[in-house]
Amino acid sequence: MEPDSRAFERNALKALSDKELQDALENAVGRIEARRAAAVASFDGFEAARERASGLRRETLSRLGDHLARFIEEAEKRGAVVHVARDAAQARGIVARVAREEGVALAVRSKSTAAEEISLDDALREAGVEEVETDLGGYVARLAGEPPSHILSSAFHMTREAVSRVFEGKLGEPPAADAATLSAIARKRLEESFSRAGMGVSGANFLVAETGSVVLLSNDGNARAGALLPRVHLVVAGIEKVVPRMADLPVFLRLLSRSASGQPLPSYVSILTGPRRDGDAEGPQRLHVLLIDCGRSAILEGKYRDALKCIRCGACLSACPVYGCVGGRPYGWVYPGPIGAVLTPLLAGLSEAAALPDASTLCGACSDACPVKVPLSAFLLELRSDTRFQGLKAPAEIAWAKGYASVMKRAGVLEALERILGELSRLVSKGHPLSGMPYPFAGWTERRDFPSVARRPFRKLWKIRRGARE
Ligand code: SF4
C-alpha cells in the first residue's frame with residue numbers, strides 16, 4: 001500500500017480485496033469493541049466521567065500556554081532537560097543532537113505516535129544510532145516492513161499466521177501458531193537490547209504541569225523497561241498532552257484504559273518526575289523531554305481546537321465501520337480511523353489528506369465512543385466543507401451534491417421521485433431487497449442488499465405513523 005493519505009481510495013480498495021486482512025480485522029475489531037462495550041457498561045459513572053474529562057481537557061486547552069510554562073518550569077526544577085520544537089525538522093535536529101551529545105549507540109523505543117509524526121527514525125539514523133522498537137506490535141510491524149495500523153497496536157492488522165511467517169522469514173524461527181509462543185520469541189530478542197541500550201525513547205500519555213512529571217501507560221511493560229533501564233531517556237510528546245494537576249489523572253486513566261482495551265486500569269502506570277535521584281532504585285540518569293508543536297498551535301487557535309482533547313485511546317477506530325473494513329494502513333499516515341481523518345488534514349495539510357474526511361459514514365459511532373467527547377462527526381463534516389471551499393473537491397462530486405440538495409429542498413420533487421423509485425422497486429424486485437445492482441451502484445450491493453423502496457413517500461408514511469401514535 002502507498003504510504004500516502006492522498007492514496008486513501010486506492011489503498012482502501014486493496015484492503016477490501018485482501019482476504020487475510022479482512023479476517024484479521026473482523027477478529028481483532030470485533031474482540032476489542034466487545035471488550036470496550038463491556039467495560040463501559042460495567043462502569044457506573046461512565047457518562048459523568050466523560051463529561052468531567054471533556055471539561056478538564058477543554059479548560060486545559062483554553063490556557064495551554066500557562067500550563068506548558070508551568071510544566072517546563074517544574075520539570076527543569078527537578079533536573080529534566082526540556083526542548084521545544086516548532087516543526088518536525090527542528091524536532092529531528094534536537095533528537096540527533098541529544099543522541100550525539102549523550103554518546104548513544106543503541107536506542108530502544110516504545111510505541112509513540114508523536115515520534116512517528118516527526119519521523120524519529122531518520123533523526124537517529126542521521127546521528128548513527130541503531131534503533132530497536134520494543135513495543136511488541138511495533139516490533140512485528142517493523143520486521144514485516146509495514147507502517148503501524150492502529151494507535152495502540154501497530155500489528156493490529158496481522159493474523160497470528162502472518163506474524164509466524166514474518167518470524168520465520170526474518171528471524172529464522174520455526175513456525176508457531178499460538179500468541180504466547182510468538183510473544184515469547186519477540187521478548188527473548190528484545191531483552192538483550194534493553195541491557196545494551198544507551199537511550200530509551202517513548203511518547204507520553206500525559207504531562208503533569210504541577211510536578212513536571214511524564215506519565216507513561218503500557219500493558220506489555222516494555223515502555224516501562226525502556227524508560228527505566230537505559231542511562232538516558234528521551235520523551236517525545238505533543239504540547240497538548242499537559243494536564244494541570246496530578247489529581248486530574250485518575251479520571252483519564254479510568255476512561256483511557258476502558259476505552260482502549262476494556263481493562264479497568266492499564267497494567268503499568270509509570271510516572272517519571274525528573275531523572276534518577278540519589279537513593280532511587282531505578283530510573284534514567286538523564287531525562288530529556290521534547291515537546292513538539294508541529295501544527296498544534298494553529299489548531300488551538302481555530303475551529304478544530306477540540307480535536308486536541310484526544311487522549312489517543314483508539315476507541316473511535318474500533319467503533320468505526322470504515323476502519324473496521326479497511327484497517328489503518330490505507331489512511332497513509334500516523335493517525336488512522338476517525339481521529340486520523342480529522343488530525344491528518346489538520347497536521348499534514350488538507351491538500352495532503354482531502355480524501356480522509358470522506359472516509360466516514362457519519363453514523364456518529366466514533367463520537368459516541370470517544371471518552372473525552374471529541375466531536376468527530378461534526379469535524380468530519382466541517383472538513384468536507386473546507387475541502388469544497390478550498391477547491392479540493394472534484395467538479396462531478398460538487399454537481400452531484402448540488403443536484404441532491406436541490407431535490408431534498410423541494411418536497412414535491414422528492415415525493416415524485418420517491419413514488420417513481422417505489423414503483424420501480426416493486427416492478428424490478430417485487431418489493432424485496434436487491435442483492436445486486438449495475439454500475440455505478442454495484443459497489444453498494446457487493447457487501448449488502450439494497451433495501452426495497454417504500455411505495456408511499458416518506459412524508460406520507462410519517463404522517464400516517466404519527467397519526468397512529470396520537
Ligand atoms: S478521538 Fe476520542 S475516541 Fe478517538 S482516539 Fe481520541 S480520545 Fe480516543
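Trainee: Let's start with the domains. How is the protein chain divided?
Mentor: The domain assignment gives domain 1 (43-297), domain 2 (312-395) and domain 3 (396-469). Remember that the model is predicted.

Trainee: How many Å separate the centres of domain 1 and domain 3?
Mentor: 50 Å, taken over C-alpha atoms.

Trainee: And A396, where does that sit?
Mentor: In helix α19, residues 395-408.

Trainee: Is A396 buried or exposed?
Mentor: Exposed, because 8 other C-beta atoms lie within 10 Å. The cut-off for exposed is 12 or fewer.

Trainee: How far apart are A396 and F206?
Mentor: In sequence, 190 residues. In space, 45 Å from C-alpha to C-alpha.

Trainee: New topic, the sheet. What is the strand order?
Mentor: β1-β10-β7-β4-β2-β3. It is an open sheet of 6 strands with parallel pairing. The edge strands are β1 (81-85) and β3 (130-133), and each pairs on one side only.

Trainee: By how many degrees are neighbouring strands turned against each other?
Mentor: By 20° on average, ignoring direction.

Trainee: Zoom in on β2 and β4. Over how many bridges do they pair?
Mentor: Over 3 bridges, in the parallel sense. β2 covers residues 106-109 and β4 covers residues 199-202.

Trainee: Which strands does helix α5 lie across?
Mentor: β1, β2, β4, β7 (232-238) and β10 (286-292). The helix, residues 88-101, runs at about 170° to β10.

Trainee: On to the largest nonpolar core. How many residues are in it?
Mentor: 118. Those with the most contacts inside it are V236, L290, I292, A307, C316 and V342. Domain 1 (43-297) and domain 2 (312-395) both give residues to this core, so it lies between them.

Trainee: Take I292. What does it touch?
Mentor: A85, A91, A114, I118, V236, G238 and I239. That leaves out residues up to four places away in sequence.

Trainee: What about helix α8, how many of its residues are buried?
Mentor: 7 of 8, so the cut-off matters here: buried takes 20 or more other C-beta atoms within 10 Å. The buried ones are L136, G137, G138, Y139, V140, A141 and R142.

Trainee: Which elements do they pack against?
Mentor: β3, α9 (160-171), α10 (179-196) and α11 (222-228). After α8 comes G145, with a positive phi near 70°.

Trainee: Where are S119 and L362?
Mentor: S119 is in the loop between α6 (113-117) and α7 (120-126). L362 is in the loop between α16 (337-348) and α17 (365-369).

Trainee: Why does S119 count as partly exposed?
Mentor: Because it has 16 C-beta neighbours inside 10 Å. L362 is partly exposed as well, with 15 other C-beta atoms within 10 Å.

Trainee: Last one. At what angle do α2 and α12 pack?
Mentor: About 145°, with axes 6 Å apart. I32, R35, R36, A39 and V40 in α2 meet R258, S259 and S261 in α12. The contact residues divide into 3 nonpolar, 2 polar and 3 charged.

How values were computed: Residues numbered from 1 in each chain as written. Predicted model: local features only at pLDDT ≥ 70, side-chain atom pairs only at ≥ 80, totals over all residues. Helix = DSSP H or I, 4+ residues; strand = E, 2+ residues; numbered from the N terminus. Domains from an automatic or database assignment. Axes fitted to C-alpha atoms, helices over the stretch in contact; angles between N-to-C directions. Contact = placed C-beta atoms within 7 Å. Nonpolar A, V, L, I, M, F, W, Y, C, P; charged D, E, K, R; others polar. Core = buried A, V, L, I, M, F, W, Y, C linked by C-beta atoms within 7 Å. Pairing = 2+ DSSP bridges.
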